[in-house]
Amino acid sequence: MTLESTKADDIALAIEEAIVSGELAPGTVLRQEHLSEQFEVSRTPIREALRRLAALGLVSFIPNRGVRVRTLSREDLHEAFLVRAELESLATSMAAARITDEELAELEESENHFAALAQEMRSRDPGGHRREVSAQWMRANHAFHDVIYRAADAPLVEQMAKSARRTFSGPAVWAPGDEVLDDLYERNVLEHRAIRQALQARSAEGARALAHEHVMHSFELLDTILEHVGQQPRDWHSVRSGR
């Protein structure tokens, strides 16, 4: 592997993490000259990194404008959640028979970290770090599920599930809390606990059902957050109403 290729890998990963965490919002234009300055490299690894991100569906090339972080309709997001729900439930059911005591302890630690960040997300005024808290919350959620993927030891299922996850992670945003959002955040936390308990009980079917429901409830949470902050794509409401 050449040095340029290694640089491209590192840059692609850094940009992917920024998109997945929501630090780079949908629709953001990425210009090669700016990225070259940011990462202190020539444009060659930048172009290669962007091509790799385009292959993952995370960015698209816009003629004469650069590269844009992809923007999705609600229908696209819903479909991605449906795909991940099936794969997530499969991986979770497989993990039930394979997860170790050490992994269960790691899962509980991840669950507690996620719960603490969810409490911050529910805050009416988290200060000047709203986007940072949102990004941390998203990463903590991924960390919880990544323990399950590792325990399942099913690389193809994990790869496909994470591909679906990349599709909808970017729109992570913070919205001022209200009673509806508070309940959804709390439900998200309780579902993590229920999944862990099902895995601890080695209940494959129970874990499968809980994981599927959890992913679809996560779509409801994201949908509600985007509705609160008015960041839906132009066709968001028309898709919701079936028009």
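User: Leaving aside its neighbours within four places in sequence, which residues is arginine 196 in contact with?

Analyst: In this predicted model, arginine 196 lies in helix H8. With a relative accessible area of 9%, which is under the 20% limit, arginine 196 counts as buried. Leaving aside neighbours within four places in sequence, its contacts are Leu104, Leu107, Glu108 and Glu111.

User: What is the orientation of H5 and H8 to each other, roughly parallel or roughly antiparallel?

Analyst: Two packed helices are described by the angle between their axes and the distance between the axes. Here helix H5 (residues 101–121) and helix H8 (residues 179–200) have axes 9 Å apart, and the angle is about 175°. Because angles over 145 degrees count as roughly antiparallel, H5 and H8 are described as roughly antiparallel.

User: How many nonpolar, polar and charged residues does the contact of H5 with H8 have?

Analyst: On the H5 side the contact includes Leu104, Leu107 and Phe114, and on the H8 side it includes Tyr185, His192 and Arg196. Divided by class, the contact has four charged residues, three polar residues and nine nonpolar residues.

User: How are H2 and H3 placed to each other, roughly parallel or roughly perpendicular?

Analyst: The axes of helix H2 (residues 32–39) and helix H3 (residues 43–55) come within 9 Å. These axes cross at roughly 115°, and the crossing is right-handed. Angles of 65 to 115 degrees count as roughly perpendicular, and H2 and H3 are therefore roughly perpendicular.

User: Which residues in H3 do the residues of H2 meet?

Analyst: The residues that H2 brings to this contact are Gln32, Glu33, Leu35, Ser36 and Phe39. By class, the residues of the contact of H2 with H3 divide into four nonpolar, two polar and three charged.

User: Is glutamate 40 buried or exposed?

Analyst: Glutamate 40 is placed in the loop between H2 and H3. Although glutamate 40 is not a glycine, its phi is positive, at about 55°. Its relative accessible area is 71%, and because the limit for this class is over 50%, glutamate 40 is exposed.

User: What does arginine 202 count as at 38% relative accessibility?

Analyst: Arginine 202 is found in the loop between H8 and helix H9 (204–229). Its phi is near 60°, a positive value in a residue other than glycine. A value of 38% falls between the 20% and 50% limits, so arginine 202 counts as partly exposed.

User: Over how many bridges do E2 and E3 pair?

Analyst: Serine 60 stands opposite arginine 68 in E3, and phenylalanine 61 has valine 67 in E3 as its bridge partner. E2 and E3 form a hairpin with three residues between them, and asparagine 64 in the turn has a positive phi of about 65°. The pairing of E2 with strand E3 (residues 66–69) is antiparallel, and its bridges number four.

User: What is the bridge partner of valine 29 in E3?

Analyst: E1 and E3 pair in the antiparallel sense over two bridges. For valine 29, the bridge partner in E3 is arginine 68.

User: Is leucine 87 buried or exposed?

Analyst: Leucine 87 is found in helix H4 (residues 74–98). Leaving aside neighbours within four places in sequence, leucine 87 is in contact with Val157, Met160 and Ala161. Its relative accessible area is 12%, and because this is under the 20% limit, leucine 87 is buried.

User: How far apart in space are leucine 87 and lysine 162?

Analyst: In sequence, leucine 87 and lysine 162 are 75 residues apart. In space, from C-alpha to C-alpha, leucine 87 and lysine 162 are apart by 9.3 Å.

User: How much of the chain do buried residues make up?

Analyst: The secondary structure of the chain comes to 10 helices and three strands. Of the contacts with a separation of 6 or more, 77% are accounted for by residues 24 or more positions apart. The chain has 243 residues, and the buried ones make up 46%.

Conventions
Residues numbered from 1 in each chain as written. Predicted model: local features only at pLDDT ≥ 70, side-chain atom pairs only at ≥ 80, totals over all residues. Heavy atoms only, no water. Buried < 20%, exposed > 50% of the residue type's maximum accessible area, 1.4 Å probe, protein only. Contact = heavy atoms within 4.5 Å. Axes fitted to C-alpha atoms, helices over the stretch in contact; angles between N-to-C directions. Parallel < 35°, antiparallel > 145°, perpendicular 65-115°, else oblique. Left-handed = near helix turned anticlockwise from the far one by under 90°. Nonpolar A, V, L, I, M, F, W, Y, C, P; charged D, E, K, R; others polar. Pairing = 2+ DSSP bridges.
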